[in-house]
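Please open the model in the viewer and keep the sequence panel beside it.

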Amino acid sequence: MATPALMQNYGDRTLTLVRGQGNYVWDDTGRRYLDAISGIAVCGLGHCHPAVTEALVDQANTLLHVSNLYNIPAQEQLADRLVFLSGMDNVFFSNSGAEANEAAIKLARRLGNERGCAVPKIVVMEGAFHGRTLATLTATGNPKVQQGFAPLPEGFLRVPFDDVAAIEQLAAAHDDIVAILVEPVQGEGGINVPAPDYLNRLRQLCDQNDWLLMLDEIQTANGRSGKLFAYQHAGILPDVVTTAKGLGNGVPIGACLASGKAAQLFTAGSHGSTFGGNPLACRAGLAVLETLENQWLVERAEKLGDRLLQQLRLQLADCAAVRDIRGLGLLVGVELDRPCAELVELARSESLLINVTAGNVVRLLPPLTLTDEECSRIADVVSALIEQFALSAA
Ligand SMILES: *Cc1c(COP(=O)(O)O)cnc(C)c1O
């Protein structure tokens, strides 16, 4: 049991991790686990990657923080690098994913206000996850996250994920829509992968209606999907894209990138953050982007993801409890026909860390640095556990 000095919002936690190295973490009894969740898609380079550690030590010995009252060279370098790699025009740095999404929501509202809209609307999806601040939990498509926190901010319209026709119907009924906010692959919602032309069709719809296409790539970016940003699979450019998780490999950092008219909406004083874009976090971000490139880890994520999907599909082909096995790069989900939260504990006893989301989806988000052997081990252990579980619970 954790100390009662902590608020109890995380429930009972039964594992204490004290050390990490590469694709492994160790608990307080010295037991080693293969990490197939990477701190929820954060440690894409594995734990304590030397490139990140060295950058952090160097920066800690130089300058940790000055505030955004001053120029910050590492912030400018990271912005230049992100803009170059993404095709976007500019960046606002935050400390978390939810804050990056808050910036995106404020951009859409700002556009609506400029257009004279009293309550500008953002189209959001069922099954979406966008964070835990009041605006982002309202955008989130999971009633459990919203329960007990009324009043929620207005200005969101919800449609099913991967359903373009539903948005077309909304467009016909509302003249105050300013943006669509969507994950290229829903992470928390169960690794839901839309039709291959979904983002292209949303891009078209946004162009026709003069809406912003805003992508939440907090979980999918930083190489995990097999491209640096998942929208690069579709060959489109969004108006706004947010990222966080994998960008700092464990150091808190978020980013909201904008292009075209969206890039001109914030003016001096319209948004800010004390810590956002501080020297330490930006050095981590620079080290992550450099390492992804030097080590060809984005290409590696695509290969590993295909391998993991293939092996799971082969090994679970005859398991009737498996409804679907899906993914994009190293975002992989196995949907069962029943709730399966117990699998998390069962995997631990096989020295493997996994996650279950949406109640019945085993979610695998391993580091991009996985070896072929570690990839196979994950497929073997997960397949065996699911088969046993299906039998015992039948
Ligand atoms: C994790 C996540 C968030 C929230 O990020 P925080 O850093 O926890 O605020 C938002 N959107 C998506 C898609 C996420 O996966």
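Which backbone atom lies 2.8 Å from an oxygen atom of the ligand? Select glycine 97: one of its backbone N or O atoms lies at that distance from the ligand oxygen.

Before the next stop, two notes on the model. The model is predicted, so local features need pLDDT of at least 70 and side-chain atom pairs count only at pLDDT 80 or more, while totals for chains, interfaces and linings use all residues. Residues are numbered from 1 along each chain as its sequence is written, and side-chain values use heavy atoms, with hydrogens and water left out.

**Stop 1: the ligand surroundings**

Select the residues around the ligand, among them Ser96, Gly97, Ala98, Asn101, Phe129, His130 and Gly131. A residue is counted here if one of its heavy atoms lies within 4 Å of the molecule. The set also includes Glu183, Asp216, Ile218, Gln219 and Lys245.

Next, display the side chains of aspartate 216 and glutamine 219. A polar side-chain atom of aspartate 216 lies 2.7 Å from a nitrogen atom of the ligand. For glutamine 219, a polar side-chain atom lies 2.8 Å from a ligand oxygen atom. Polar contacts are pairs of N or O atoms within 3.5 Å; within protein, one atom must be able to donate a hydrogen and the other to accept it, and residues adjacent in sequence count only if both atoms are side-chain atoms.

**Stop 2: lysine 245**

Select lysine 245, in the loop between strand E9 (240–243) and strand E10 (254–258). Helices (H or I, at least four residues) and strands (E, at least two) are DSSP runs, numbered from the N terminus. An unreviewed UniProt entry annotates Lys245 as "modified residue: N6-(pyridoxal phosphate)lysine"; UniProt positions are given in the numbering used here, feature names are shortened, and annotations may be inferred rather than shown by experiment.

Buried means under 20% relative accessible area, exposed means over 50%, and partly exposed lies in between (1.4 Å probe, protein chains only). Leaving out residues up to four places away in sequence, lysine 245 touches Ile40, Ala41, Val42, Ile218, Gln219 and Ile253, where contact means heavy atoms within 4.5 Å.

**Stop 3**

Remain in the loop between E9 and E10 and select asparagine 249. At 8% relative accessibility, asparagine 249 counts as buried. Its side chain reaches two backbone nitrogens: that of glycine 44 at 3.0 Å and that of leucine 45 at 2.9 Å. Beyond four places in sequence, the residues touched by asparagine 249 include Val42, Cys43, His49, Val52 and Val288.

Now move to helix H1 (residues 38–41), which contains serine 38. Serine 38 has a positive phi near 50° although it is not glycine, and it is buried, with a relative accessible area of 0%. Isoleucine 40, also in helix H1, has a positive phi of about 60°. Isoleucine 40 is partly exposed, at 36% relative accessible area.

**Stop 4: helix H9**

Select residues 279–294. The 16 residues of helix H9 should span 22 Å at 1.5 Å a residue, and the end C-alpha atoms are 22 Å apart, which agrees. The expected span is 1.5 Å times one less than the number of residues.

Which residue caps the N-terminal end of H9? It is asparagine 278, whose side-chain oxygen lies 3.1 Å from the backbone nitrogen of leucine 280. Buried residues of H9 include Pro279, Ala281, Cys282, Val288 and Leu292. Their cover includes helix H2 (50–60), helix H3 (73–86) and helix H10 (297–315). Just after H9, tryptophan 296 takes a positive phi of about 55°.

**Stop 5: two further loops**

Select aspartate 176, in the loop between helix H7 (164–173) and strand E7 (177–182). Aspartate 176 is buried, with a relative accessible area of 16%. Its side chain makes a polar contact with the side chain of lysine 121, at 2.7 Å.

Finally, select proline 151, in the loop between helix H6 (143–146) and strand E6 (156–159). A cis peptide bond joins alanine 150 to proline 151, with omega about 0°.
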